[in-house]
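Colleague: Could you walk me through how to read this model? I would like to begin with the ligand.

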Amino acid sequence: MSQPSPAPTAHPPTDAHDAVLLVNLGTPEAPTPDAVRRYLLEFLSDRRVVSLPPLLWQPILRGAVLPLRCKRVAALYADIWMEGGSPLLVYTRGLAERVAERLPGLRVAHAMRYGTPSLVRELERLKAEGARRVLVLPLYPQYSTTTTASVDDVAGRAALPVRVVQDYHVDAGWVEAVAASIRAAWQVQPRGERLLFSFHGIPQRVVDAGDPYQAQCRASTVAVARALGLPDDGIMLTFQSRFGREKWLQPYTDATMRALGESGVKRIDVVCPGFAVDCLETLEEIALQNAELFREHGGETLRYIPCLNADPGHADALAALVARELQQWTPDTH
Ligand SMILES: C=CC1=C(C)c2cc3[nH]c(cc4nc(cc5[nH]c(cc1n2)c(C)c5CCC(=O)O)C(CCC(=O)O)=C4C)c(C)c3C=C
Ligand SMILES: [Fe+2]
Ligand SMILES: [Fe+2]
């Protein structure tokens with residue numbers, strides 16, 4: 001339907017009653033088995049993440065998964081822990097500060113879907129402090145029912161109007177920021193023989209049921225490759241962080257590392273554009289574990305290109321996205 005051309009909006013981007021909440025997944029409060037247990041219990045009890053009936057899943061989670069996983073995973077967190085806390089939290093906080101600097105007059109905060117600062121409480125706090133509506137930006141460039149939809153669930157129960165950005169997987173500013181980070185890495189050291197895009201996986205079953213995540217990961221990859229002037233077949237797309245026994249999206253990142261090493265490739269570059277900020281899955285799984293795997297199978301160097309984190313280009317892209325979303329958020333839209 002044709003719309004009248006946009007008049008000055010009722011809610012310009014700098015309306016003092018508007019708030020913006022950057023939301024990430026969540027992370028343990030300390031690199032200890034207890035804190036990891038609390039975090040994983042909340043995360044893996046969300047039926048958006050594990051859809052098994054609770055009567056079946058909860059005994060497995062509490063009786064097997066957590067006891068087997070907490071100590072091992074806590075040690076992995078300890079390896080990457082930063083002075084200000086878990087990398088996911090430190091970078092998310094830093095990014096929110098940088099976005100705030102670019103949107104004077106707007107309240108910009110950050111929250112976690114699991115753990116602290118809690119999404120529920122941040123929404124309550126913003127309302128108590130006078131916000132009349134909140135734009136929630138989940139820091140998931142690609143939409144998934146396992147991640148974004150879970151933020152939607154919480155936002156839908158808030159006591160004030162909330163609009164949730166569903167994805168930004170081919171947003172021009174974001175694509176250019178990712179491409180620029182790759183170009184910057186290539187300036188420091190010449191390119192590897194392959195550029196591999198590794199995204200967090202999800203179960204194949206979830207995609208078969210209609211989740212657009214895989215298609216969006218592909219579209220992001222193609223968009224970044226084009227921005228770099230690479231042919232579509234000049235890059236590789238793989239999925240990492242498999243959890244549980246069922247089939248997840250393929251090709252798997254770790255199997256690809258082995259195959260590349262064994263095929264005689266010596267130097268590869270890896271980038272993870274499904275993660276807004278660095279975290280256990282990038283700093284530990286890719287930059288440490290997969291790098292070692294690649295070397296064990298004949299490779300020499302895996303160069304990990306960091307996430308955009310709190311880089312100025314990232315903050316520029318997200319601030320522009322937020323301003324645009326607020327402008328489009330007229331009283332009769334969500
Ligand atoms: C980027 C998007 C993510 C999707 C999609 C996703 C799906 C998904 N994840 C699990 C299980 C685990 N994920 C874990 C860590 C983790 N996952 C994401 C992002 C996505 N997950 C991030 C950013 C992180 C890192 C958090 C940090 O603190 O640094 C973990 C915890 C680590 C571990 O125990 O191995 C689990 C478990 C499932 C089951 C799933 C979809 C069904
Ligand atoms: Fe995950
Ligand atoms: Fe409405």
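Modeller: Domain 1 (18-168 + 311-328) and domain 2 (172-305) both give residues to the shell around ligand 1, so the ligand lies between them; the domain bounds come from an automatic or database domain assignment. This is a predicted model, in which local features need pLDDT of at least 70 and side-chain atom pairs count only at pLDDT 80 or more, while totals for chains, interfaces and linings use all residues. Residues are numbered from 1 along each chain as its sequence is written, and chains are lettered from A and ligands numbered from 1 in the order in which they are written.

Colleague: How many residues surround ligand 1, and which are the closest?

Modeller: A residue is near a molecule if its C-beta atom, placed from the backbone, lies within 6 Å of it. Here 22 residues surround ligand 1, and T27, T146, H200, C279 and L280 are the closest. Helices α2 (54-80) and α10 (280-296) are the elements that give two or more residues to this shell; helices are DSSP runs of H or I with at least four residues, strands are runs of E with at least two, and both are numbered from the N terminus.

Colleague: Which residues does the UniProt annotation "binding site" cover?

Modeller: The annotation, from an unreviewed entry, covers H200 and E281. Such annotations may be inferred rather than shown by experiment. The two are spread over 82 residues of sequence, yet they cluster in space, with a largest C-alpha distance of 8.0 Å.

Colleague: What does E281 touch?

Modeller: Contact means C-beta atoms within 7 Å. Leaving out residues up to four places away in sequence, E281 touches H200, Q240, S241 and F275.

Colleague: And how many residues does the contact between the domains take from each side?

Modeller: The centres of domain 1 and domain 2, taken over C-alpha atoms, are 23 Å apart. Their contact takes 25 residues from domain 1 and 21 residues from domain 2. On the side of domain 1 that touches domain 2, α11 provides the largest share, six residues.

How values were computed
Two residues are in contact if their C-beta atoms, placed from the backbone, lie within 7 Å.
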